[in-house]
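Let's take a walk through this structure, starting with its inside, moving to its surface and ending with its charged pairs. Keep the viewer open and follow along.

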Amino acid sequence: MEETGVRRRWADGLGWMLLYGALWTLFAEGGGWLLGVPSIVLAVVLSVWLGIRPWRPSLSVLPGFVWFFLGRMVAGGWDVAVRALHPRRPLQPAWLDYPLRSESPRVRLLLSALIGLLPGSLSSRIDGNRMRVHVLDERQPWEPTVIELEQRLSQLLNTGAGR
C-alpha cells in the first residue's frame with residue numbers, strides 16, 4: 001500500500017511538473033528559466049504536499065473540445081468586430097445568472113475562465129450553483145454555448161455530464 005502511495009505522488013509530481021512547465025513556457029515565451037525552474041519546483045512540491053491531484057484530460061475528447069472552443073471564439077470575435085464597425089447594430093448588455101450543472105470545482109473554475117476568453121462575454125463570480133455572466137447582447141443565444149462548453153469540459157475532465 002505504501003509503495004502505491006509513493007508511486008502516485010511521483011506520478012502526480014510529474015503531472016504537475018509538465019503542467020507548470022508548459023504554463024511557464026507559454027507565459028514567459030520560453031525564457032526566464034533562472035526564475036522559472038525554482039518556481040516550478042516549488043509549485044510542484046506544494047501541490048504534492050497539499051495532496052492536489054493534477055487533472056488528466058481525456059485525450060479522445062480534446063480535439064473536439066479545442067475545435068468547438070476555437071469555433072466559438074472565431075464566431076464571437078466576428079460578431080464583436082461587426083458590432084464595432086456598425087455602430088447602429090444594437091447592443092443590450094446585461095448581467096445574467098447561469099445555473100451551473102456540474103458539481104466539479106475544476107469544471108466550474110475552468111468554465112468561468114473560458115467564458116472570459118469568448119468574445120463578448122465575461123464571468124464575474126460563482127455563488128452556490130449560479131455563475132454571474134456578462135454578455136454584450138442578452139437577446140443573442142449565449143446560454144446554449146455556455147451549456148455546451150460546460151458539458152464538453154465535464155467530458156474533457158472525466159467528471160460526467162453534471163446534473
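Which element supplies the largest share of the lining of the largest cavity? The answer is H1, with three residues. Bear in mind as you look that this is a predicted model.

The search turns up one cavity of 30 Å³ or more, and the space inside the largest cavity comes to about 40 Å³. To find it in your viewer, select Arg8, Arg9, Asp12, Ser47, Val48, Gly51 and Ile52, the residues that line it. Two helices, H1 (2-27) and H2 (33-50), each put at least two residues into this lining. Sorted by class, the lining has three charged residues, two polar ones and two nonpolar ones.

Met17, Trp33, Val37, Val41 and Val45 make up a nonpolar patch on the surface, and together they have about 420 Å² of accessible area. Here H2 gives the largest share, with four residues. Take Val41 as an example: this residue sits in helix H2 and has a relative accessible area of 40%, which makes it partly exposed. Patch members need over 30% relative accessible area, so Val41, at 40%, is past that cut-off.

Now for the charges. Side chains of opposite charge can pair when their charged atoms come close. Searching the whole structure gives eight salt bridges, and three of them are worth a visit here.

Start with Asp79 and Arg83, which form a salt bridge whose closest N and O atoms are 2.9 Å apart. Both residues belong to helix H3 (residues 62-85), where they are four residues apart, or about one turn of the helix. Are the two partners buried or exposed? Asp79 is partly exposed, at 22% relative accessible area, whereas Arg83 has 8% relative accessibility and counts as buried. The cut-off for buried is under 20%, so the two partners fall on either side of it.

Glu148 forms a salt bridge with Arg152, and their closest N and O atoms are 3.0 Å apart.

The last stop takes us to the strands. Arg132 forms a salt bridge with Asp97, with 3.1 Å between the closest N and O atoms. This pair links distant parts of the chain: Arg132 is in strand S3 (residues 130-135) and Asp97 is in strand S1 (residues 94-99), 35 residues apart.

Methods: Residues numbered from 1 in each chain as written. Predicted model: local features only at pLDDT ≥ 70, side-chain atom pairs only at ≥ 80, totals over all residues. Heavy atoms only, no water. 1 Å grid on protein atoms, 1.4 Å probe; cavity = no way out; pocket = protein on both sides within 12 Å on 5 of 7 lines; lining within 4 Å. Points joined across faces, edges and corners; volume = space filled by probe spheres on them. Nonpolar A, V, L, I, M, F, W, Y, C, P; charged D, E, K, R; others polar. Patch = residues over 30% accessible without salt bridge, like charges linked within 9 Å, V, L, I, M, F, W, Y side chains within 5 Å. Areas by Shrake-Rupley, 256 points an atom, 1.4 Å probe, with all protein chains shown as cover. Salt bridge = Lys/Arg side-chain N within 4 Å of Asp/Glu carboxyl O. Buried < 20%, exposed > 50% of the residue type's maximum accessible area, 1.4 Å probe, protein only.
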